[in-house]
Amino acid sequence: HHGIREPQALRTLHYIHTAALLSPSPTVSSNLLEGAVRIKEKHQIRTTPDLKRGMCSRCKLPLVGGVTSRVRVRRNCGGQLSRNVTCGGCDTTRRYPVVKDSKELKIERAPEHHLT
């Protein structure tokens, strides 16, 4: 299991990913994520889905919905829901299946406040 073998490297990957998401500069963010990929490869760590889906595979830009990426939930021909994420830097689109019970749909929407 990768967490047992290289716990420090895994913590570093999560720290770099968080720093890249918080950085106001796309160039700095991309450089941080490229460094994270090098650490992952050096220590042969399997990338967790949140890290993998949080970065464009082509230009290494962090994907933040509504800021650096466009996120849409669509139905395909068979009625299956998919989450389409388009990178704002290079227009690469990735599709991820959505399970109806999943938190993925709930995360995409801002909480609604009702005033009475």
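Residues are numbered from 1 along each chain as its sequence is written, and side-chain values use heavy atoms, with hydrogens and water left out.

Over the chain, pLDDT averages 78, and 81% of the residues score at least 70. Select residues 104-116 next: pLDDT stays under 50 there, and the model has nine contacts for this stretch beyond four places in sequence (contact means heavy atoms within 4.5 Å). Where pLDDT is low, the predicted coordinates should not be read in detail.

Now select the three strands, which form an open antiparallel sheet in the order β1-β2-β3; two strands pair if DSSP finds at least two bridges between them. β1 (69-75) and β3 (93-97) are the edge strands, each with a single partner, so one side of each has no neighbour in the sheet. From one strand to the next the twist averages 25°.

Zoom in on β1 and β2, which are joined by seven bridges. Val71 has Val85 in β2 as its bridge partner, and Ser69 stands opposite Cys87 in β2. The two strands form a hairpin with five residues between them, and Gly79 in the turn has a positive phi of about 90°.

Move to helices α2 (residues 7-22) and α3 (residues 26-42), which pack at about 165° with axes 9 Å apart. Axes are lines fitted to C-alpha atoms, for helices over the stretch in contact, and angles run from 0 to 180 degrees between N-to-C directions. The pair is therefore roughly antiparallel (angles over 145 degrees). Residues making the contact include Leu13, Ile16 and His17 of α2 and Leu32, Leu33 and Ala36 of α3.

Finish at His17 in α2. Is this residue buried or exposed? His17 counts as buried because its relative accessibility is 11%; buried means under 20% relative accessible area, exposed over 50%, partly exposed in between (1.4 Å probe, protein chains only). Leaving aside neighbours within four places in sequence, His17 contacts Leu33, Asp50, Leu51 and Gly54.

Definitions and conventions
Predicted model: local features only at pLDDT ≥ 70, side-chain atom pairs only at ≥ 80, totals over all residues. Helix = DSSP H or I, 4+ residues; strand = E, 2+ residues; numbered from the N terminus. pLDDT = per-residue confidence, 0-100. Parallel < 35°, antiparallel > 145°, perpendicular 65-115°, else oblique.
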